[in-house]
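Subject: Structure for you to look at

Hello,

Please find the structure below, followed by notes on what was found in it. Keep it open while you read.

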Amino acid sequence: MTQDDNSTDDINTEDLIGRILEVASDNIMRVVEGEIDVDEAVQSMTEKPTVSAKEEKMSSVKPTKKLPHPAYLETLRAFLRVCDERKSSDLHIKTGNKPCVRVTNSIDAIDEEGCTDTQVYGIIQSIIPENMYDKFLSEKEIDFSFSLDGARYRANAYLDFNGPSLSIRRYNAKTLSFEELGIPIILRELSLRKNGLILLTGPTGSGKSTTLAAIIEYLNNTVSEHIITLEDPIEFVHQSNKCLITQREVGRDTDSFAKALRSSLRQDPDVIMLGEMRDLESIATALTAAETGHLVLATLHTTGAENAIDRIIDSFPANQQDQIRTQLAMVLLCVVSQQLIPRAKADTRVLATELLITNSAVRSLIRQGKIFQIPNTMQTSRNVGMYTINQCLEDLYKKGEISNESFLLYQTNLTNITNKGQY
């Protein structure tokens with residue numbers, strides 16, 4: 001037997017013994033019952049076992065580093081085809097559960113059979129970058145992205161009580177325009193600034209990455225600059241056009257957002273896109289970058305402009321917060337907060353946004369620590385382009401885009417609604 005044969009047939013000993021005993025027992029019963037003869041039983045036992053996408057008998061198998069069987073990837077392809085057919089945003093594969101997809105705000109099963117831990121481990125191994133699998137096994141959860149059949153996906157593999165699990169989200173095949181997405185058009189003007197901070201906020205799955213990608217593509221087709229993106233993981237892959245675009249992924253190309261952000265300042269950037277301001281160090285470095293002649297695009301997992309500003313300031317020790325208020329007031333260009341709302345008459349979602357533009361009045365409120373007054377300023381400043389999420393929801397409801405239930409459900413401050421019943 002050659003070395004190559006040894007590598008391809010390298011099977012975990014415990015798994016092999018268990019499989020042999022299982023097949024032998026099954027074949028003995030079939031011979032006794034007259035289904036097959038002895039020669040057929042022997043032939044069945046000497047054939048190389050295959051893995052069926054629907055049929056997995058082994059359970060509680062420890063994951064190994066051997067290459068996964070191609071059947072696992074075919075199983076995933078079948079699940080992803082159902083996602084496309086149902087226009088779903090997310091796919092969930094969990095040990096002991098039927099695979100499910102998210103369609104708008106509903107979770108629906110797409111198969112009659114639950115997945116075993118062996119299947120889920122096999123699917124994860126089929127798509128995760130090779131250098132990240134050991135990290136997943138040791139840390140028990142990991143983010144990564146992958147490409148399959150011309151499409152790009154973001155994934156999170158993790159362990160729960162039953163075993164391994166996997167959540168997958170597909171990225172749009174192309175970057176949409178501002179008008180197609182429904183994001184504020186003023187972002188075009190603000191993204192051409194030579195310095196400052198544009199902040200996008202919203203819960204997970206609200207489309208922040210899609211909005212950032214639209215801004216990057218607009219710049220890529222408009223100006224000649226160096227854009228550096230720092231992401232975990234890389235979601236939209238951009239091809240340099242007028243701009244030189246450098247994309248770095250945390251965990252693969254750099255150890256952390258903070259380290260990559262510090263390093264990017266020495267890489268001659270014009271624009272820095274920070275996938276998430278996660279900690280004090282990355283927030284502080286982003287503010288410094290915005291202050292020293294760079295345009296910074298960043299996201300926060302908060303809801304509303306007021307909460308985003310509070311989050312940044314509260315990340316610092318009390319004795320530094322006055323200084324941070326002054327610095328933030330100087331560099332902040334705008335805050336866009338967004339949510340995806342179910343449409344009233346279709347199984348799709350519409351984007352609702354809130355826009356804070358940092359004019360002299362807003363800067364003064366930030367410096368004085370009167371952040372709680374910002375929503376009132378936004379409500380009375382529609383003439384300069386600002387508006388609250390509640391005002392946007394009201395507009396969407398009047399246009400028939402969302403239902404009365406959604407209009408009330410997604411309000412951020414019910415005390416400010418003049419009509420709390422049927423609108």
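This is a predicted model: local features need pLDDT of at least 70, side-chain atom pairs count only at pLDDT 80 or more; totals for chains, interfaces and linings use all residues.

Residues are numbered from 1 along each chain as its sequence is written, and side-chain values use heavy atoms, with hydrogens and water left out.

Arg-311

Arg-311 has a relative accessible area of 33%, so this residue is partly exposed. Its place is in helix H12, residues 305-314. Helices (H or I, at least four residues) and strands (E, at least two) are DSSP runs, numbered from the N terminus. What does Arg-311 touch, leaving aside its neighbours within four places in sequence? It is in contact with Leu-300, His-301 and Thr-302, where contact means heavy atoms within 4.5 Å. Between Arg-311 and His-301 there are 9.6 Å from C-alpha to C-alpha, and the two are 10 residues apart in sequence.

Backbone exceptions

Most residues other than glycine have a negative phi, and most peptide bonds are trans. Lys-87 is not a glycine, yet has a positive phi of about 55°. This lysine lies in the loop between helix H4 (70-86) and strand S1 (90-94), and is exposed, at 67% relative accessible area. Lys-140 also has a positive phi, near 70°. It sits in the loop between helix H6 (130-139) and strand S4 (141-148), and counts as partly exposed at 46% relative accessibility. As for peptide bonds, a cis one joins Asp-232 and Pro-233, with omega about -5°. Pro-233 is in the loop between strand S8 (226-231) and strand S9 (244-249).

Helices H4 and H5

Two packed helices are described by the angle between their axes and the distance between the axes. The axes of H4 and helix H5 (residues 117-127) come within 8 Å and cross at roughly 90°. Axes here are lines fitted to C-alpha atoms, for helices over the stretch in contact, and angles run from 0 to 180 degrees between N-to-C directions. H4 and H5 are therefore roughly perpendicular to each other, a label for angles of 65 to 115 degrees. Residues making the contact include Tyr-72, Leu-76 and Phe-79 of H4 and Gly-122, Ile-123 and Ile-127 of H5.

Regards

Definitions and conventions
Buried means under 20% relative accessible area, exposed over 50%, partly exposed in between (1.4 Å probe, protein chains only). Angles under 35 degrees count as roughly parallel, over 145 as roughly antiparallel, 65 to 115 as roughly perpendicular and the rest as oblique.
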